[in-house]
Amino acid sequence: RALTERLVTTSGVTAQEVAQYTLRAAGNRKIHILYPRQSALLWRLKRLAPTFFMNRLLRTNQKVERYLSRSPEEAATMSESELPSL
């Protein structure tokens, strides 16, 4: 839960912005709707370099597992490099 809240609060994107963008893109008959811009970049990276992307994803998953296995007190003191991010 804490990880989800952190990701939502630091994303810089609101649910309303996502909904508006999605509806506009769907109305324009877009096949792939990727928002925010970082998502489009990650999608392209996955398509161009799947092995690199999967290795990066595995490392991120390991960080998430370490984060989730810690007590709330330990998680609160984690350094930025220990926090999960892609």
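**Pocket lining and helices of a predicted model**

The lining of the largest pocket comprises nine nonpolar, one polar and three charged residues. Here Ala, Val, Leu, Ile, Met, Phe, Trp, Tyr, Cys and Pro count as nonpolar, Asp, Glu, Lys and Arg as charged, and the others, Gly among them, as polar. The model is predicted: local features need pLDDT of at least 70, side-chain atom pairs count only at pLDDT 80 or more, and totals for chains, interfaces and linings use all residues. Residues are numbered from 1 along each chain as its sequence is written, and side-chain values use heavy atoms, without hydrogens and water.

A pocket is an open set of points on a 1 Å grid over the protein atoms alone, where a 1.4 Å probe fits, with protein on both sides within 12 Å along at least five of seven lines; lining residues have an atom within 4 Å of a point. The largest pocket is lined by 13 residues. Ala2, Tyr67, Pro72, Ala75 and Ala76 lie nearest its centre. Two or more lining residues come from each of α1 (2–10), α4 (50–69) and α5 (72–76). Helices are DSSP runs (H or I, at least four residues), numbered from the N terminus.

Mean pLDDT, the predictor's confidence from 0 to 100, is 85 for the chain. Values of 70 or more are reached by 92% of residues. Just after α2, arginine 29 takes a positive phi of about 60°.

Leucine 68 lies in helix α4. Its C-alpha is 29 Å from that of glutamate 17, 51 residues away in sequence.
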